[in-house]
Amino acid sequence: MSKQCIRNTFTAAVFLTCIGAPANCAPVPPSNSRVESTYGKLPLRFEANVGQTDAHVKFLSRGKGYNLFLTQGEAVLSLQQTAGRGIVRTRLVNGNPRAQVSGLDRLPGTSNYFSGNDSAKWRTGVPAYARIKYQSVYPGVDLVYYGNQGKLEYDFVVAPGADRTRIQVSVQAEKGNGVLTLDGNGDLVAATESGEVRFQKPVAYQLSRNGERQIVSASYSLMGADRVAFQIAQYDQTRPLIVDPVLSYSTYLGGSGSDSRGGMAVDASGNVYLTGSTDSADFPTLDPAQHAYAGGVDAFVTKINAAGTAIIYSTYLGGSSTDQGFDIAVDPIGNGYVVGTTTSQDFPTVNPFQSANRFQYSAFVAKLNPSGNQLLYSTYLGGSGQTFGIAITADGAGSGYVVGETLAS
């Protein structure tokens, strides 16, 4: 019988300011390009459990800061970082509790576990597989876990005539708020104490007879606080359908103090730009515009490569009091635009529109070159009342557009 495939992996005024040449300052809509990037990608290797972990586990996968356990009835992702521990459990709603679980595509090499002095508890020659198959999780439906370019994905394989609408997934995040959300990109997000677990929006397609992809519209549908189903448009039910989300989780960036993220942007090459605030004197810096922590709370600006494996640049940005980066944008050539709020009287300014802090809280706006080691400009922005810089976007002509709140009259 042929099969179809469904793949899964205070009252204030508002201001808007343009910073740049007057001819370039026509209002533009804010950018919708900000997305959460994928870090700490899950591996391609699934070990059989032959006694090296809890007996309920059938297969496991280990990596830096996480463990993934596949049991008879659920997948358990355990995140362990300095900030805390988080666990995300995914389980099929009303699925077959006796589905047969097996490893597919044996990988070369084995693992050995020599723990303690009792050789009877040692485990050697532990095999690993590229894919794990759960057979008949629903009538006519199989589930296959596998890795693709370091990310975890899972496929539902649905036979013709089977009811794909029965497929629902329960996602429960421990050490978090326990509520699933959909972001503006259609990704499913579960927050934990130790990081953010993200199920990327499914990309659905069918292969034509000559092998070309034909896209089919697909999305998540929230069925409750911890339950999700799939919405799929009409398709040719005589051919396989592939719906392909990706499971990923975020990694950590910071030092030994308190570090918080304010905003994120992504350029056309997939590099990630982050801003936020830190009171860590050992926050990781690389080729910085500001080498040293200035005291209090400093803003930071960090650029990470598209793979999430290396910092391209990272810099402090602030004075001796409190400085917080709230949002960041990037233009087509890689200049970074940062907006935030500062109470520092010595915030670093370069070619400023406003050179002094006129009140306890003022907004700041800064532009960094593509290498992150030079401020092209940096300025206070505020009046005689509290002013907060909240959001920023940039155009192709090098102008920044800022929105925020102010109590200044």
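Lys 367 has Tyr 377 in β31 as its bridge partner. The setting is a predicted model, in which local features need pLDDT of at least 70, side-chain atom pairs count only at pLDDT 80 or more, and totals for chains, interfaces and linings use all residues. Residues are numbered from 1 along each chain as its sequence is written, and side-chain values use heavy atoms, with hydrogens and water left out.

Strand β30 covers residues 362–368 and pairs with β31 in the antiparallel sense over 6 bridges. Strands here are DSSP runs of E, at least two residues long, numbered from the N terminus. Two of them pair if DSSP finds at least two bridges between them. Strands of a sheet pair through backbone hydrogen bonds, either parallel or antiparallel.

Now widen the view. An open sheet of 4 strands runs in the order β28-β29-β30-β31, with antiparallel pairing. Its edge strands, β28 (323–330) and β31 (375–381), each pair on one side only. From one strand to the next, the twist averages 15 degrees. Axes for such angles are lines fitted to C-alpha atoms, and the angles run from 0 to 180 degrees between N-to-C directions.

Next comes Ser 277, in strand β25 (residues 272–278). Ser 277 counts as buried because its relative accessible area is 10%. The cut-offs are under 20% for buried, over 50% for exposed and in between for partly exposed, using a 1.4 Å probe and protein chains only. Beyond its neighbours within four places in sequence, Ser 277 is in contact with residues including Ser 258, Val 297, Phe 300, Asp 323 and Gln 324. Contact means heavy atoms within 4.5 Å.

Two loop residues follow. Pro 202 sits in the loop between β17 (195–199) and β18 (203–207). Is Pro 202 buried or exposed? It is buried, at a relative accessible area of 3%. Leaving out neighbours within four places in sequence, the contacts of Pro 202 are Ala 218, Ser 219, Tyr 220, Phe 230, Val 243, Asp 244 and Pro 245. Asp 187 is 15 residues away along the chain, and its C-alpha atom is 8.2 Å from that of Pro 202.

Asp 163 belongs to the loop between β13 and β14 (168–174). Its relative accessibility is 40%, so Asp 163 counts as partly exposed. Gly 140 is 23 residues from Asp 163 along the chain, with 8.0 Å between their C-alpha atoms.

Finally, the empty space. Rolling a probe the size of a water molecule over the atoms shows where empty space is left. On a 1 Å grid over the protein atoms alone, a cavity is a set of points where a 1.4 Å probe fits but cannot get out; a pocket is an open set with protein on both sides within 12 Å along at least five of seven lines; lining residues have an atom within 4 Å of a point. Volume is the space filled by probe spheres set on the points, which are joined across faces, edges and corners.

The largest cavity has a volume of about 70 Å³. Among its lining residues are Leu 68, Val 88, Tyr 145, Phe 199 and Leu 247. At least two lining residues come from each of β6, β7 and β13. The lining divides into 9 nonpolar, 1 polar and no charged residues. Here Ala, Val, Leu, Ile, Met, Phe, Trp, Tyr, Cys and Pro count as nonpolar, Asp, Glu, Lys and Arg as charged, and the others, Gly among them, as polar.

The second largest pocket holds about 230 Å³. Of its 18 lining residues, Gln 72, Gly 73, Glu 74, Arg 91 and Leu 92 lie nearest the centre. β7 gives the largest share of this lining, 3 residues.
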